[in-house]
Amino acid sequence: MKKGRLIVFEGIDGAGKSTQARMLRRKLGARGRKVVSFREPSRSRWGRELRAKAKSEGSLTPLEELELFVKDRRENVARNIRPALLAGTIVILDRYYFSTIAYQGAKGLDPERIRKINERFAPKPDLVFFLDLGASAGLSRISGRKTRDLLFERETYLRRVRRMFRDFQGPRFVHLDGRRDKRELGREILARTLAVLEG
Ligand code: TYD
């Protein structure tokens, strides 16, 4: 059985996940907690392949993409996440299987099936923060040098992804407005995390 705690950050590109994940890790560390963080896609060969292919949009079918994200996650769970949880460490994740449900679901794959595939091997998180932001705001934050057509296509897609994220409801899921001041958001995230760690 796991002894640590699993805290996840989710949201569309540019929503501020990485910043908040880093801030939470630093604050928990400063309080003397044992904490590690990982991101997905990971640094493994599958993660590297995904990042390389993400740059040439459309080079994988949605199903091939799903398979790669799942392979990458299997390795991340086995090598990093599960051992840390067993050692009683707090694990912070910048993206997890909710991203697969939302991003690959928004490409037409069955969200429920994606969830089941993942929950067969991936530990369920204790807390998931969804940083919510509009697709155009997210895109302008990451300021890629894409053509107008590509940006338009991406915005339409991210709008669907955002809707899928918003559908996650339940006691472990916290939706936060990504437009809020990042330090103020960080304080709320810390307070909610401590409540779960101490509860
Ligand atoms: P991310 O790490 O957020 O990008 P960055 O390179 O800016 O750090 O993730 C890369 C992309 O992969 C992002 O657009 C979301 C997508 N993604 C999926 O489509 N499915 C998944 O399961 C995951 C983890 C990410």
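**Exercise 1. Find the side chains that make polar contacts with the side chain of Asp-13, and describe the setting of Asp-13.**

Step 1. The side chains of Asp-13 and Tyr-103 are joined by a polar contact of 2.4 Å. A polar contact is a pair of N or O atoms within 3.5 Å; within protein, one must be able to donate a hydrogen and the other to accept it, and residues adjacent in sequence count only if both atoms are side-chain atoms.

Step 2. Another polar contact, of 3.0 Å, links the side chains of Asp-13 and Arg-154.

Step 3. The model is predicted: local features need pLDDT of at least 70, side-chain atom pairs count only at pLDDT 80 or more, and totals for chains, interfaces and linings use all residues. Residues are numbered from 1 along each chain as its sequence is written, and side-chain values use heavy atoms, with hydrogens and water left out.

Step 4. Asp-13 belongs to the loop between strand 1 and helix 1 (17-30). Helices (H or I, at least four residues) and strands (E, at least two) are DSSP runs, numbered from the N terminus.

Step 5. Asp-13 counts as buried because its relative accessibility is 18%. Buried means under 20% relative accessible area, exposed over 50%, and partly exposed in between (1.4 Å probe, protein chains only).

Step 6. With neighbours within four places in sequence set aside, the contacts of Asp-13 are Arg-95, Tyr-103, Gly-138, Leu-139, Ile-142, Arg-154 and Leu-158. Contact means heavy atoms within 4.5 Å.

**Exercise 2. Describe how the ligand is held by the residues that surround it.**

Step 1. The ligand is surrounded by 14 residues, and the closest are Arg-39, Arg-51, Arg-95, Thr-100 and Gln-104.

Step 2. Turn to the atom pairs. An N or O atom in the side chain of Asp-13 is 3.1 Å from an oxygen atom of the ligand. Thr-100 has a polar side-chain atom 2.6 Å from an oxygen atom of the ligand. For Gln-104, a polar side-chain atom is 2.8 Å from a nitrogen atom of the ligand.

Step 3. The protein buries 75% of the 550 Å² that the ligand exposes when taken alone. These accessible areas come from the Shrake-Rupley method with a 1.4 Å probe; for residues, only the protein chains shown count as cover.

Step 4. The elements giving two or more residues to the shell around the ligand are helix 3 and helix 4 (97-105). Helix 4 supplies the largest share of that shell, four residues.

**Exercise 3. Decide whether helix 4 is enclosed or open, and state what its buried residues pack against.**

Step 1. Nine of the nine residues of helix 4 are buried, so this helix is largely enclosed by the rest of the structure. Among them are Tyr-97, Phe-98, Thr-100 and Gln-104.

Step 2. The buried residues of helix 4 pack against strand 1 (5-10), helix 3, helix 5 (111-119), strand 4 (127-132), helix 7 (148-166) and strand 5 (173-177).

Step 3. Take one residue as an example. Ile-101 lies in helix 4 and is buried, with a relative accessible area of 5%. Not counting residues up to four places away in sequence, Ile-101 touches Ala-106, Pro-111, Ile-114, Arg-115, Met-164 and Phe-168.

Step 4. Ile-101 and Val-161 are 60 residues apart in sequence, and their C-alpha atoms are 9.0 Å apart in space.

Step 5. From helix 7, consider Phe-165. Phe-165 counts as buried at 5% relative accessibility. Residues touched by Phe-165, beyond four places in sequence, include Phe-98, Ser-99, Ala-102 and Tyr-103.

**Exercise 4. Examine the backbone at Pro-41 and Arg-95.**

Step 1. Most residues other than glycine have a negative phi, and most peptide bonds are trans.

Step 2. The peptide bond from Glu-40 to Pro-41 is cis, with omega near -5°. Pro-41 is in the loop between strand 2 (35-39) and helix 2 (45-55).

Step 3. Arg-95, a residue other than glycine, has a positive phi near 80°. Arg-95 is found in the loop between strand 3 (90-94) and helix 4, and is buried at a relative accessible area of 14%.

Technical notes
A residue is near a molecule or strand if one of its heavy atoms lies within 4 Å of it.
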